[in-house]
Amino acid sequence: MITSSVRLVVCPALSRGLSASTVLAGAEGAMKAVQRSSLQSFQQIPHTGSNGWINLLRFWREGTFSQLHKYMEQNFHTLGPIYRQYLGSQCSVNILLPVDIGELFHSEGLHPRRMTLQPWATHRESRKHNKGVFLKNGAEWRADRLLLNRELMLSSAVRRFLPLLDEVARDFSHLLHRKVQTEGREENGRYNLTLDPSPDLFRFALEGSCYVLYGERMGLFSSEPSQESQRFISAVECMLATTSPLLYLPPRLLLCLHAPLWTQHATAWDHIFSHAETRIQRGYQRLQARVVNAAGAVQGSVGKFPGVLGQLMERGQLPLELITANITELMAGGVDTTAVPLQFALFELARNPSVQEQMRAQVQTSWSQAAGNPQKALQGAPLLKGAVKETLRLYPVGITVQRYPIRDIVLQNYHIPAGTLVQACLYPLGRSQDVFREPERFDPHRWGPGSEEDTTETGSGMGFRSLPFGFGARQCVGRRIAENEMQLLLLHILRNFRLSVSSKEELKTKYTLILQPESPPSINFTTLSHSY
């Protein structure tokens with residue numbers, strides 16, 4: 001276990017007539033002086049090898065990229081709560097304790113920076129596409145981000161798109177119910193079916209994201225979903241899988257050499273942009289029709305939520321090319337990053353039946369009292385939010401959150417110069433016994449008020465134990481969509497099905513820019529007597 005403590009011994013100076021405040025002030029000053037004199041340099045931080053190119057070759061040879069999360073966890077066990085990592089031309093400082101993460105975020109400044117995904121940036125530059133906020137920095141990033149926050153992050157925005165997500169979640173549950181009844185076995189009036197839900201979860205995530213962003217359904221729950229939608233999902237998967245190997249190499253070199261890996265990556269992005277541009281063009285046409293409707297020439301859909309795209313177009317504060325860039329990034333980032341955590345969540349609920357029953361009881365009560373209002377239903381079932389947080393604690397989508405501090409900071413008594421890439425490593429954090437009691441246990445209650453977890457740690461790090469969507473001004477801009485999309489799906493699944501698995505063994509995981517199962521888990525869905 002990683003522990004640290006400081007013991008302060010104060011001499012009995014009060015007997016000499018000094019006040020308590022004077023004694024404590026003097027002691028604090030003395031302690032700071034000792035800390036300054038014992039401060040260790042950046043070069044003294046433990047590391048995994050100082051030659052980044054040799055490390056990179058070793059990563060490729062040993063297949064470390066796919067197990068990067070486990071590699072980080074092992075390094076913390078071996079080297080302690082902070083270490084340096086050299087990989088290719090990149091040097092980073094990796095940390096996992098919340099108190100250190102808090103210090104990092106307190107030094108991020110007005111325009112927080114995180115590591116640029118250079119393969120993505122190179123694609124935009126080579127194709128002369130504009131960059132969205134994910135790839136921007138500085139004042140330009142902040143200006144665009146504030147405009148997007150209004151449509152994606154504010155509570156008023158959530159109220160607008162929550163009914164759309166609820167509609168998609170209900171339809172998914174209906175679709176699954178029909179499949180279980182049609183293909184499953186009937187026992188005592190209930191039907192059950194064991195299946196891999198991941199293909200359907202990908203379609204659910206794409207349908208939900210498309211509805212919120214574009215204001216229109218894709219029809220992915222029909223008996224014959226479009227080939228185009230499957231090509232989009234495949235393109236996103238290819239883009240994610242090819243990002244990590246390209247991340248530590250000069251993409252310009254690969255571009256000049258026409259390397260196959262780069263060609264696959266760029267082609268995948270081209271398809272993602274083509275898909276988005278088609279949808280955006282349709283959105284623009286619908287906006288024009290709304291203008292006509294508002295003028296009274298045609299009646300129909302006036303007043304209907306036009307999606308985030310329509311809202312941005314109507315406000316006219318962001319140029320169309322920047323709207324396209326940001327909507328495309330949101331679509332690309334809104335499928336796997338929602339569908340994969342849902343695989344993990346369903347698996348954990350299936351292998352923890354007591355937790356599942358507690359959540360179901362809360363969900364049933366809340367749903368009956370909410371009278372179909374999805375916002376009230378979620379508010380009345382806080383274990384849904386706890387389950388999402390608990391899933392992302394154990395299986396974070398992105399395994400690090402990065403920042404470049406704008407001033408020198410001290411972490412674990414090591415000097416970290418301003419501008420250093422520092423990574424908070426979420427997978428080891430979520431499974432650390434120094435941060436969580438029984439970290440291997442799936443327990444949505446640990447995030448509730450008054451839980452025992454509240455006393456696990458004291459100090460400024462308390463707010464930095466759960467960071468699956470990042471932190472502060474630079475947190476994931478699609479966070480509210482993803483959180484509510486996952487909670488609503490779990491709500492409707494728990495209302496209508498009992499989940500179980502044949503094996504309760506830990507899932508093996510792999511990293512392909514996002515954390516996912518090596519093999520999607522098969523889950524048994526059994527209809528409940530009251531369902532539909």
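Predicted model: local features only at pLDDT ≥ 70, side-chain atom pairs only at ≥ 80, totals over all residues.
Trainee: Okay, so which residues form one aromatic cluster?
Mentor: Phe59, Phe65, Tyr71 and Tyr248 make up one such cluster.
Trainee: And how many aromatic pairs does a search of the whole structure find?
Mentor: It turns up 15 aromatic pairs. One of them joins phenylalanine 76 and tyrosine 83, with 5.0 Å centre to centre and 70 degrees between the planes.
Trainee: Why is that pair edge-to-face?
Mentor: Because planes over 60 degrees apart count as edge-to-face, and here the angle is 70 degrees.
Trainee: Are those two buried or exposed?
Mentor: Phenylalanine 76 is buried because its relative accessibility is 3%, under the 20% limit. Tyrosine 83 is buried too, at 0%.
Trainee: What else does tyrosine 83 do with its side chain?
Mentor: The tyrosine 83 side chain has a polar contact of 3.4 Å with the side chain of asparagine 75. Asparagine 75 belongs to helix α3, residues 68–79, and counts as buried at 10% relative accessibility.
Trainee: Which residues is asparagine 75 in contact with, leaving aside neighbours within four places in sequence?
Mentor: Thr48, Gly80, Tyr83 and Gln85.
Trainee: Switching to charges: where does arginine 114 lie?
Mentor: Over the face of phenylalanine 134, 4.2 Å from the ring centre. There's also arginine 217, whose charged end sits over the ring of tyrosine 211 at 5.5 Å from the centre.
Trainee: Let's zoom out. How many helices and strands are there in the chain?
Mentor: The chain has 19 helices and twelve strands. It runs to 532 residues, and 53% of them count as buried.
Trainee: What about contacts between residues at least 6 apart in sequence: what share join residues at least 24 apart?
Mentor: That share is 75%.
Trainee: Now the helices. How do α7 and α19 cross?
Mentor: Helix α7 is residues 155–183 and helix α19 is residues 479–496; their axes come within 9 Å and cross at roughly 35 degrees. The crossing is right-handed.
Trainee: Which residues in α7 meet α19?
Mentor: Among them are Phe161, Leu162, Leu165, Asp166 and Arg170 in α7. The α19 side includes Arg480, Ile481, Glu485, Leu488 and His492.
Trainee: Last one: alanine 424. Where does it lie, and is it buried or exposed?
Mentor: Alanine 424 lies in strand β8, residues 421–425, and is buried at 0% relative accessible area. Not counting residues up to four places away in sequence, alanine 424 touches Ile95, Ile101, Ile399, Thr400 and Val401.

Notes
Residues numbered from 1 in each chain as written. Heavy atoms only, no water. Phe/Tyr/Trp six-rings, centres within 6.5 Å; stacked < 30°, edge-to-face > 60°. Buried < 20%, exposed > 50% of the residue type's maximum accessible area, 1.4 Å probe, protein only. Lys NZ or Arg CZ within 6 Å of the ring centre and 35° of its normal. Axes fitted to C-alpha atoms, helices over the stretch in contact; angles between N-to-C directions. Helix = DSSP H or I, 4+ residues; strand = E, 2+ residues; numbered from the N terminus. Left-handed = near helix turned anticlockwise from the far one by under 90°. Contact = heavy atoms within 4.5 Å. Polar contact = N/O pair within 3.5 Å; in protein donor to acceptor, adjacent residues only side chain to side chain.
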